[in-house]
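Keep the sequence and the 3D view open, and try each task before reading on.

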Amino acid sequence: MVSRRLDGANVQATGPFETFRDFVLAMEANGQLLRIPEMDQDRYEASAFAYRLVDEFGVMGAPAFLSERMKIDGEWKTEPVVANLYGSWVSEALCFGLDSIPSKPREVYRATFDKVMQMTDEGEWRRIKAVIKEKTDALCKEVVVTGDDIDVRKFPWMKVNPADGGRYINSGAVIIEDPVLGRNVGTYRCMIKNKKRITINSEVGQHGWNLLMSAKRRGERAVKCAVVVGADPITWSMSCSKIAGLGEDEYELAGGLLGRPLDVVKCETSEILVPANAEMIIEGEIPLYETEEDGPHGEMYGYLGQKRTDDFFMDIDAITHRQQPWIFNNHTGVLRGFCTIPSDVHNFLHYKKIVPYLTAIHTISDNVGVVAASIQKRFAGDGLAAGHNILGRNFVTKVVIVVDDDIDVLDRDAVINAIAARWQPLHATAIVPFAPAPLLEPSTPSPRITSKVVIDATRQLPSEGGPKEF
């Protein structure tokens, strides 16, 4: 199914998409993207515009935007910069190939959720192995830069916030391969240090960090690495989500959601396999016994992340890219950064096994750490029990709101109304005083330690302290 742009080019109207660029053009063809001739990021115009869009339309209603050229460090960069591609549920509907997109946001979400559910087999994700392509067939190899010609600073990576420590690649999929633990595709912020060096901010406990520690225990001095910029939206979603466990292959999961094998190609300077149709690949090596300063950096909670004094870094050996590569910038903490419905499907399938009376679950994407879940309540204690099970699955979750199955978990007003009308704090609240937390969580009194809460906003039975009738 194609539509036609004003310049006469054919555009794929719905996904799954082979390239990042195809997705951007489809968003434009569907009226979901604004084109802006130029933005002066030295005056933080792109950042201010992102904030104003959210003020005007909300996180889920703000359109994507593309700046055809951008001023950075006094120089006009001519590579297009794209932002907020994954802000609305319409974008997810396009990514997963809905031919007909409903008019109401919650209907769009449900239709896409159902489509992704159909991509599983009896609750298990389909997996399709990636296919290795020749370098001559790989879009990411149109331009190959090595040696003294390498200068990562020439591309329009942004300093997004005035208090950030510098310019960042904040939407790269970092690829590390380990002979024991396998491949990891993870999203870690990368600060530009100089023309041939970027940091790799893989936090303790992240899969990438586990692979680096595994290599260190084997006595290795350095690890090969690649950073993918502008992967197709489904592969990017696998990089950002926690669907793949340690040792599971994100490329195979991406293939299952694409409905075909992901095309990959070998790097120029290592055996690492990278998405062949990406906009750019940055290749290099991570020394295991040296570190760099990184940050501060505006993070997912909407607050400034701490400065790190001992982050890993990568020395760049090659940069390959498409002609005039398109750069995706994630205004972290302001705009949504990736397709989240696969994560919601994954969570639902997991929790349904341990909470069989669960009817729906939704991670509120613009309120990090808050989850709403609905249940078909049977007995006293079902609400608090469901909430405890959900808290135990994901260390990012800090608040779980459990509601009856007549409440739509996608309708935030209805969830808040259930808290107002059905919740009694004395009898229907469970506080977990000590629990693990993300290092980026700004409210924690001690790093990585937080308290958590279950709010049981189901109708309380008399045996739970509720009224005889509502």
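**Exercise 1. Find the partners of strand β16, and say in which sense each pairs with β16.**

Step 1. Start with β13 (residues 168–169), which pairs with β16 (residues 190–194) in the antiparallel sense over two bridges. Here helices (H or I, at least four residues) and strands (E, at least two) are DSSP runs, numbered from the N terminus, and two strands pair if DSSP finds at least two bridges between them.

Step 2. To place this pairing in your viewer, go to I169, whose bridge partner in β16 is C190.

Step 3. Now turn to β17 (residues 197–200), which is also joined to β16 by two bridges in the antiparallel sense. In this pair, I192 stands opposite I198 of β17. Two residues lie between β16 and β17, and the two strands form a hairpin.

Before going on, a word on the model. It is predicted, so local features need pLDDT of at least 70 and side-chain atom pairs count only at pLDDT 80 or more, while totals for chains, interfaces and linings use all residues. Residues are numbered from 1 along each chain as its sequence is written, and side-chain values use heavy atoms, with hydrogens and water left out.

**Exercise 2. Work out the strand order of the open sheet of four strands, and find its edges.**

Step 1. The order is β3-β5-β8-β26, and the pairing is mixed.

Step 2. β3 (33–36) and β26 (327–328) are the edge strands, as each pairs on one side only.

Step 3. Look at β3 and β5 (residues 64–67): they run parallel and are joined by four bridges. One place to check is L33, which has A64 as its bridge partner in β5.

Step 4. Axes are lines fitted to C-alpha atoms, for helices over the stretch in contact (heavy atoms within 4.5 Å), and angles run from 0 to 180 degrees between N-to-C directions.

**Exercise 3. Is S343 buried or exposed, and why?**

Step 1. Locate S343 in helix α8 (residues 341–354).

Step 2. S343 counts as buried because its relative accessible area is 17%; buried means under 20%, exposed over 50%, and partly exposed in between (1.4 Å probe, protein chains only).

Step 3. Leaving aside neighbours within four places in sequence, the contacts of S343 are S241, I243 and F338.

**Exercise 4. How many cavities of 30 Å³ or more are there, and what lines the largest cavity?**

Step 1. Set the rule: on a 1 Å grid over the protein atoms alone, a cavity is a set of points where a 1.4 Å probe fits but cannot get out, and lining residues have an atom within 4 Å of a point. Grid points are joined across faces, edges and corners, and a volume is the space filled by probe spheres set on the points.

Step 2. The count is two cavities of 30 Å³ or more.

Step 3. The largest cavity holds about 60 Å³, and its lining includes E18, D232, R260 and D263.

Step 4. The second largest cavity has a volume of about 40 Å³. Among the residues that line this second cavity are F20, Y86, W236 and F328.

Technical notes
1 Å grid on protein atoms, 1.4 Å probe; cavity = no way out; pocket = protein on both sides within 12 Å on 5 of 7 lines; lining within 4 Å.
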